[in-house]
Amino acid sequence: MSSAFSIVFVARIVLLLLVTWGGNAQLSPNFYSSTCPQFGSIVGDAVRSAVSGDARMGASLLRLHFHDCFVNGCDASVLLDDTPTLTGEKTASPNRNSLRGFEVIDDIKDQLERACPGVVSCADILAVAARDGVVESNGPSWTVALGRRDSTTASLSGAQSDLPSPSSSLDGLISDFSRKGFTASEMVALSGAHTIGQARCLLFRDRIYNEANTINSTFAISLQANCPRTGGDNNLAPLDNVTPNVFDNNYYQNLQQQRGLLHSDQTLVSRADTAAQVDGYATSSATFFNDFANAMVRMSNLDPLTGTQGQIRANCRRIN
């Protein structure tokens, strides 16, 4: 009996080791400490320069990371260009004429390939650039675990279906985030990413003309001049018109005053529990920063490729 128990015990240990080593290696903040110690400084300097030259870039890099992770995990699939044999995600309606910052990622990748050829993944660059973009916009920092690898595929259909819509209801948002493992509370925290960045007229036109019961009338009128009922689809407005390039809690204060730009923003106050969370963040930027940072850690760990999965792309726009 003892012998049988030993055999079963050993078999379980072997199975555990196979699961642990079979391409699911743990991410680690120190993943590049010996193979590319310059990694952090190269990304940080490039992001600092990019945000200094274009204040919107912090928001753009954060959004790139989000749109990457929400479609089949944080695998840099969002960066892939279309080829005769691969259809990327850039032409999906949530991404087309909208995502930006690709050149910043290209520049970082070029520098890293010179310093540490074939070592750093594009997925890890996106994760750290998003964090650094927030920091350069006066937002919180968080520890980014590293060791993601890059996909060799993309999903146009996933980009079409998995990314939350700017016209989403509260229930829709909760459902979209729940499918990725997030709670309603984490969704409200992550929505605070809209404290920086801009949106196209096409995405808020219906709100400023047809949602009189949930929008401040003065705010709506001020937006209509640059977003007519017809035309001007690509005209931009800040998601936070108080401090559009500063990562702070004004986004939530705007929602209290019915000054959310998108329907999916203002809907956060349509239910008592999420409205109470909005009020808490509007009062305490420290609470918002803490919750946002914690949720971003979870975001950046969505279904990464690790170990021998995927590849380390030499060029983030195409597979090797």
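# Close-up views of a predicted model

View 1. Phenylalanine 177 is buried, having a relative accessible area of 6%. The structure shown in this and the following views is a predicted model. Phenylalanine 177 belongs to helix H7. Beyond its neighbours within four places in sequence, phenylalanine 177 is in contact with Phe66, Phe70, Pro164, Phe182, Met187 and Leu190. One of these residues, proline 164, is 13 residues apart from phenylalanine 177 in sequence, and the C-alpha to C-alpha separation of the pair is 8.1 Å.

**View 2. The buried residues of helix H7.** Helix H7 spans residues 170-178, and its residues Leu170, Leu173, Ile174, Asp176 and Phe177 are buried. These residues lie on the same side of H7, because they cover an arc of only 165° around the axis. In an α-helix, residues three or four places apart point the same way, because there are 3.6 residues a turn. Which helices do the buried residues of H7 pack against? The partners are helix H3 (57-69), helix H8 (184-191), helix H12 (263-266) and helix H13 (272-283).

**View 3. Packing of helices H8 and H13.** The axes of H8 and H13 come within 10 Å, and their crossing angle is roughly 45°. H8 is therefore oblique to H13. The crossing of this pair, H8 and H13, is right-handed. On the H8 side, the contact is made by Ala184, Ser185, Val188 and Ala189, and on the H13 side by Thr274, Gln277, Val278 and Tyr281.

**View 4. Packing of helices H3 and H14.** The axes of H3 and helix H14 (residues 285-300) cross at roughly 45° and come within 10 Å. H3 and H14 are therefore described as oblique to each other. From H3, the residues Leu62, His65, Phe66 and Cys69 meet Phe292, Met296, Met299 and Ser300 of H14.

**View 5. Arginine 148 in its loop.** Arginine 148 is found in the loop that runs between helix H5 (122-136) and helix H6 (156-161). Is arginine 148 buried or exposed? With a relative accessible area of 1%, arginine 148 is buried. A polar atom of the arginine 148 side chain lies 3.0 Å from the backbone oxygen of serine 300. Not counting residues up to four places away in sequence, arginine 148 touches Leu27, Tyr32, Cys74, Ser121, Ala123, Asp124, Ala127, Ser300, Asn301, Pro304, Leu305 and Ile312. Ser300 is also one of the H14 residues that meet H3.

View 6. Arginine 207 is located in helix H9 (residues 201-210). Its relative accessibility is 2%, so arginine 207 counts as buried. What does the side chain of arginine 207 reach at 3.1 Å? The atom reached is the backbone oxygen of threonine 214. Leaving aside neighbours within four places in sequence, the residues in contact with arginine 207 are Thr214, Ile215, Gln258, Gly260, Leu261, Leu262, His263 and Gln266.

**View 7. Two residues with positive phi.** Most residues other than glycine have a negative phi. Asparagine 72, although not a glycine, has a positive phi of about 60°. Asparagine 72 is found in the loop between H3 and helix H4 (102-115), and its relative accessible area of 47% makes asparagine 72 partly exposed. Glutamine 258, which is not a glycine, has a positive phi of about 60°. Glutamine 258 lies in the loop between helix H11 (250-256) and H12. With 31% relative accessibility, glutamine 258 counts as partly exposed. Gln258 is among the residues in contact with arginine 207.

**View 8. Serine 264 in helix H12.** Serine 264 lies in helix H12. At a relative accessibility of 8%, serine 264 counts as buried. Leaving aside its neighbours within four places in sequence, serine 264 is in contact with Ser165, Pro166, Ser168 and Leu173. Leu173 is one of the buried residues of H7, and H12 is among the helices against which those buried residues pack. Serine 264 and glycine 197 are 67 residues apart along the chain, and their C-alpha atoms are separated by 15 Å.

Note on methods
Residues are numbered from 1 along each chain as its sequence is written. This is a predicted model: local features need pLDDT of at least 70, side-chain atom pairs count only at pLDDT 80 or more; totals for chains, interfaces and linings use all residues. Side-chain values use heavy atoms; hydrogens and water are left out. Helices (H or I, at least four residues) and strands (E, at least two) are DSSP runs, numbered from the N terminus. Buried means under 20% relative accessible area, exposed over 50%, partly exposed in between (1.4 Å probe, protein chains only). A polar contact is a pair of N or O atoms within 3.5 Å; within protein, one must be able to donate a hydrogen and the other to accept it, and residues adjacent in sequence count only if both atoms are side-chain atoms. Contact means heavy atoms within 4.5 Å. The arc is that of the directions from the helix axis to the C-beta atoms. Axes are lines fitted to C-alpha atoms, for helices over the stretch in contact, and angles run from 0 to 180 degrees between N-to-C directions. Angles under 35 degrees count as roughly parallel, over 145 as roughly antiparallel, 65 to 115 as roughly perpendicular and the rest as oblique. A crossing is left-handed if the near helix is turned anticlockwise from the far one by less than a right angle, and right-handed if clockwise.
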